[in-house]
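Let's take a walk through this model together, beginning at a pocket and working towards the core. Please have the structure open as you read.

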Amino acid sequence: MTDEGRPVRPFRKPAAAAGVRNDAPALDALLARVARGDEAAFEQTYDQVADAVFGLVRRVVRDPAQSEEVTQEVLVEVWRTASRYEPARGSAMAWIMTMAHRRAVDRVRSEQAASDRQARAANREQVVLYDEVAEDVEARLDRERVRRCLDTLTDLQRQSVALAYYEGYTYREVAELLTVPLGTVKTRMRDGMIRMRDCLGVEA
């Protein structure tokens, strides 16, 4: 059948014993007719080169299913670009096999690139997951250390520090809330922060 005027048929893996008949038209002449849109000539070209193309592609790509896909792509490209073949630059078979090798290498590189992208994505996900877990553990440990250090303070020191540093109140507001002189709050706050610093192991 045709696809946009180009003959496209499912790739058939040639039988092992298949070969080109002695009376088969020369491939160069067939390509000249294919270039003019001769579908019958393309069918004959297909039968002559499919075995060799598949064999070369299979050696490069390895995977049987992908080798069939690439072989089909090569044969369709032969139909589309037959007019570009120049006999003076080499045989028709060499031209087709060069095309097949290029396509096969491109497929291998594409598959490798896709595999590399998947590996990098998986690695990034693992790193992100590790970082998230590490940060969560670190945050929990820090909160636990802070809680233990707060427990070492006097009630007034602990209340003053909590209100000022965790609730955002000013010294004057803390003094009013605790109904103690402002100077006392400042002193207790200073002493409490020194004890917290020493407990947490923070250098001044």
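The largest pocket has a lining of 13 residues, and those nearest its centre are Arg84, Tyr85, Glu86, Trp95 and Thr98. Two elements, α3 (64-81) and α4 (92-150), each give two or more residues to this lining, and α4 provides the largest share, with five. Helices here are DSSP runs of H or I with at least four residues and strands are runs of E with at least two, numbered from the N terminus. A pocket is an open set of points on a 1 Å grid over the protein atoms alone, where a 1.4 Å probe fits and protein lies on both sides within 12 Å along at least five of seven lines; lining residues have an atom within 4 Å of a point.

The space in this largest pocket is about 240 Å³, a volume filled by probe spheres set on grid points that are joined across faces, edges and corners. Its lining has five charged, four polar and four nonpolar residues. Here Ala, Val, Leu, Ile, Met, Phe, Trp, Tyr, Cys and Pro count as nonpolar, Asp, Glu, Lys and Arg as charged, and the others, Gly among them, as polar.

Before going on, a word about the source: this is a predicted model, in which local features need pLDDT of at least 70 and side-chain atom pairs count only at pLDDT 80 or more, while totals for chains, interfaces and linings use all residues. Residues are numbered from 1 along each chain as its sequence is written, and side-chain values use heavy atoms, with hydrogens and water left out.

Now for the whole protein: seven helices and two strands, in the order β-β-α-α-α-α-α-α-α from the N terminus. Of the 204 residues, 28% are buried, meaning under 20% relative accessible area, with over 50% called exposed and anything in between partly exposed (1.4 Å probe, protein chains only).

In soluble globular proteins, nonpolar side chains tend to be buried together. The largest nonpolar core here has 26 residues, and Leu31, Val53, Val57, Val74 and Ile96 have the most contacts inside it. Such a core is a set of buried Ala, Val, Leu, Ile, Met, Phe, Trp, Tyr and Cys residues joined through side-chain atoms within 4.5 Å. The largest share of this core, nine residues, comes from α2.

Finally, turn to Arg62, in the loop between α2 and α3. Arg62 has a positive phi of about 80° although it is not a glycine, and it counts as exposed because its relative accessibility is 62%.
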